[in-house]
Amino acid sequence: MNSFARLFRLTVGTTALALSLVPSTGHAEAGAKTLRFIPQADLRSIDPIWTTAYVTRNFGYLVFDTLFSLDKDFKPQPQMVERWTVSEDKLTYRFTLRDGLKWHDGQPVRAADCVASLKRWGQRDTLGQKLMEAVADIKAIDDKTFAISLKSPFPLILDALGKLSSNVPFMMPERLAKTDAYQQIPEAVGSGPFKFVKEEWVPGNKAVFVKNTDYVPREEAPSFAAGGKVAMVDRVEWLYWKTCAALFGCGTPFETNAGADALLNGPNPAKAKALIQESGYKGEKIVLLSATDQPIVHGQALVTLDALRKAGFNVELQASDWGTLITRRTSKEPVEKNGWSIFHTWTSAPDFFSPAVNILVRGSGDKAWFGWPTDPKIEALIDAWFRAPDLAAQKQLAADIQVEAYTNDVPYVPTGQFVVPTAYRKNLDGIIIAPVVFLWNVEKK
C-alpha cells in the first residue's frame, strides 16, 4: 500500500456523523410561548403553488389562507369568503370577502389579489387546470367582490377553491401572484395566522413563524382546514438537520468554528480535484463501508460515494449489515486484504461534547479509535486541557485541538447534527427525557 493510500485510510477512515441531543434555543421575547416542531423534510421552497412538496404545503397553511376549506367531512366551507351567490344557470359565481382581511405587510386583501392567485394556481394544479377549462372569465367587481363566469357548469367549483392538499389554492398579494407560475415567488407574504420570519430562515436548519396579531379567525370550531384558525403560541420554530463543523458539537460548552473553514464554506469540487492531483493519487481503490440496515449510515455512504467519484476517486461501496461493519472496521489490513478506507457512524452528545470524552478526536495511534490516527500535538493539547485551571482556558484549548485536527490528520469529519425526538404512550408516566434511555421510574397507568 503506497504512502498516499495509507494516509487516506488513516485520516478519513473514521468519518463520523455527530448527533446532538442538546436542546435548541430560540430568540423569542421573554414570556413568549414557542412551539418547536420537527417537520418531515427540509423547507427549500416557500412557494406552495410552484411545488407540491408537503413540507411547503404545510408551510403554506401557516402563512397563507384560502377562500374555502374542506372540513372533516370533506365538505367545502367558507374561509376568507363571507358570502357568495350562484346564478340560476350555474354559470356565474360572485364571492364577497370577509371584513378585516390583511396581508402581513399591512395592506388589505383585495378581490384583485384573489383573482390573480386563482389564475396562477390554475396553471399548475390539476384540479385547477380542469376548473380553468370551464372558466370564461375571472374578474374583480370591487375591492371585496369578484366573479367567476363559466363556459359550462362546474359542480366542483367550491371543492376546487377549497382543495385540501397540494396544490392548495392559497391566496397571495397580486404582486406575488403575478409571478410566472413556473418561477418561485421571491417572498412569502400571506394573510394567515402566522407570519414567516425570512430573516431567521436557515435552509437545512430552521424556519421561524410568529403570530399574526392582525389575523381575525372565523367563529366556527376548527375542522380540518375549515373553521377558526386561532394562533395559541407566539412563535413556531421548525427545526431540521443542522450543518455543524464543531468537533465537540454545536450547542455544547466547547462549540467552536476554529479551523473549520473548509467545511463551513461549502464544497469546492474544483479545488478538491486539484488537491487530489497534487497528492499523487493514481487511482488506487478506496473501500467505503456501509450498513444497509442503518438508514443514517447508508444515506451518508451514498452521498459520500457520489461526491468522491465526482472528485475523481476510485471508490467501491461495500454494503453489509451493521454487525458485519462494526466487526470489519477493527481490521488494520489494506483494502486488498478485506481492509477499509471510510465508514460512517453516529454518536450522541454525551460521547463527544468535550476533549475528555471524545474518543474520535484522539491521536494516540494504536490506542486511538478506528482509523488509529497518530498526532502527538493533539495528545499534548488534550493533556493540557485536563490541566486547564478554568472553563475559559478549556475552551481555548478545545479550539486549539480542533484547529490541529482539521489541519493535519483529520481524525474524523462531522457531517451534521440533529435533535432526536422522543415519543411515548400517554399511559406511561415518569419518563426521563435524556440522551440515554432510562427505564427506571417509569410507571404504566
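Colleague: At what distance from the ring centre of tyrosine 54 does arginine 57 lie?
Modeller: Please note that this is a predicted model. Arginine 57 is placed over the face of tyrosine 54. Its distance from the ring centre is 4.1 Å.

Colleague: Is the pair of phenylalanine 196 and tryptophan 201 stacked or edge-to-face?
Modeller: The structure holds 22 aromatic pairs. In the pair of phenylalanine 196 and tryptophan 201, the ring centres lie 5.6 Å apart and the planes meet at 70°. Planes over 60 degrees apart count as edge-to-face. The pair is therefore edge-to-face.

Colleague: Is phenylalanine 196 buried or exposed?
Modeller: Phenylalanine 196 belongs to one aromatic cluster with Phe37, Phe59, Trp201, Phe209 and Trp238. Its relative accessible area is 11%, and buried means under 20%. Phenylalanine 196 is therefore buried.

Colleague: Which are the edge strands of the open sheet formed by four strands?
Modeller: The order of the four strands is S6-S7-S9-S8, with antiparallel pairing. An edge strand here pairs on one side only. The edge strands are S6 (81–86) and S8 (135–140).

Colleague: Which residue in S9 is the bridge partner of threonine 96?
Modeller: Strand S7 (residues 92–97) pairs with strand S9 (residues 145–150) in the antiparallel sense, over five bridges. The partner of threonine 96 in S9 is threonine 145.

Colleague: What angle does the direction of helix H3 make with that of S8?
Modeller: Helix H3 (residues 111–124) packs on the sheet and touches S7, S8 and S9. Its direction makes an angle with that of S8 of about 150°.

Notes. Residues are numbered from 1 along each chain as its sequence is written. This is a predicted model: local features need pLDDT of at least 70, side-chain atom pairs count only at pLDDT 80 or more; totals for chains, interfaces and linings use all residues. Side-chain values use heavy atoms; hydrogens and water are left out. Two strands pair if DSSP finds at least two bridges between them. Helices (H or I, at least four residues) and strands (E, at least two) are DSSP runs, numbered from the N terminus. Contact means heavy atoms within 4.5 Å. Axes are lines fitted to C-alpha atoms, for helices over the stretch in contact, and angles run from 0 to 180 degrees between N-to-C directions. Rings of Phe, Tyr and Trp (its six-membered ring) pair if their centres lie within 6.5 Å; planes under 30 degrees apart count as stacked, over 60 as edge-to-face and the rest as tilted. Buried means under 20% relative accessible area, exposed over 50%, partly exposed in between (1.4 Å probe, protein chains only). A charge sits over a ring if NZ of Lys or CZ of Arg is within 6 Å of the ring centre and within 35 degrees of the ring normal.
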